[in-house]
Amino acid sequence: MTTKILFVDDEPIEKIVRPSFRKQINNGIYELTFARDGQSALDIIRNQTLDIVLVDINMPGMDGLELLSLVKETQPWLASIIMSGYYGDVDNIRGAMRLGAFDFIPKPIDFTDLGKTINAAIEHARKQKYLITTSLIHELHKIAETCKQEFTQDNPPIKLVKLEQLLNHATQHQIYLKN
């Protein structure tokens, strides 16, 4: 399965990132997308399903902290990794961790370390998707049971039938995520 990664940085890091992950890109392991500012990144996040987002903390306009807070509202399972070249940026790094950032990568980027961090973040994102899916399925089952009690089995409304189909599909997806 291809891991979809979004890099968000106001610096043109794609010139050093793409060559560093050329093998993973060519083998279909990683699909990389780049955004130069927080708003562009948010548009991508709202329109694509991603696995990991790497965010520079210090960017003009929407900074990395604001973007991280919005990421969790849009794709709560998305593993966020923050980047910063400012070593005195401890308050922002701690703020990002409180917002749910998975890890921190200092700049300039050590690509061996980044590769290990991405692998750990992939596993983290997979577990998050599974937990969120499990919780949603549980809630949907409760709703379906409540609906079933209100209607007879001989004449269930079409929406209840569709809800049961959705639950079956979601349960299959949950099993897929678990494996």
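## About the model

Because the model is predicted, local features need pLDDT of at least 70 and side-chain atom pairs count only at pLDDT 80 or more, while totals for chains, interfaces and linings use all residues. Residues are numbered from 1 along each chain as its sequence is written, and side-chain values use heavy atoms, with hydrogens and water left out.

## Leu-54 in strand β3

Leu-54 belongs to strand β3, which covers residues 52-56; helices (H or I, at least four residues) and strands (E, at least two) are DSSP runs, numbered from the N terminus. Its relative accessibility is 0%, so Leu-54 counts as buried, where buried means under 20% relative accessible area, exposed means over 50%, and partly exposed lies in between, using a 1.4 Å probe and protein chains only.

Leaving aside residues up to four places away in sequence, Leu-54 touches Ile-5, Leu-6, Phe-7, Val-8, Ile-81, Met-83 and Leu-114, a contact being heavy atoms within 4.5 Å.

Most peptide bonds are trans. The bond from Lys-107 to Pro-108, however, is cis, with omega near 0 degrees, and Pro-108 is placed in the loop between β5 (103-106) and α6 (111-150).

## Salt bridges

Side chains of opposite charge can pair when their charged atoms come close. A salt bridge is counted here when a side-chain nitrogen of Lys or Arg is within 4 Å of a carboxyl oxygen of Asp or Glu, and by this rule the model has five salt bridges.

Lys-107 forms a salt bridge with Glu-11, with the closest N and O atoms 3.9 Å apart. This pair links distant parts of the chain, since Lys-107 is in the loop between β5 and α6 and Glu-11 is in the loop between β1 (3-8) and α1 (14-20), 96 residues apart. Lys-107 also meets Asp-56 in a salt bridge, at 3.4 Å from N to O; Asp-56 lies in strand β3, so this pair ties together parts that are 51 residues apart in sequence. Lys-107 counts as buried at 11% relative accessibility, as does Asp-56 at 4%, whereas Glu-11 is partly exposed at 42%.

Within helix α6, Arg-126 and Glu-123 are three residues apart, about one turn of the helix, and they form a salt bridge whose closest N and O atoms are 2.7 Å apart. Arg-126 is partly exposed, with a relative accessible area of 29%, and Glu-123 is partly exposed as well, at 33%. Elsewhere, salt bridges that share partners join Asp-9, Glu-11, Asp-56 and Lys-107 into one network.

## Helix α4

Helix α4 spans residues 64-74, and its buried residues are Gly-64, Leu-65, Leu-67, Leu-68 and Val-71. These residues cover an arc of only 155 degrees around the axis, which puts them on the same side of α4; the arc is that of the directions from the helix axis to the C-beta atoms. The buried residues of α4 pack against β1, α3 (38-47), β3, β4 (79-84) and α5 (90-98).
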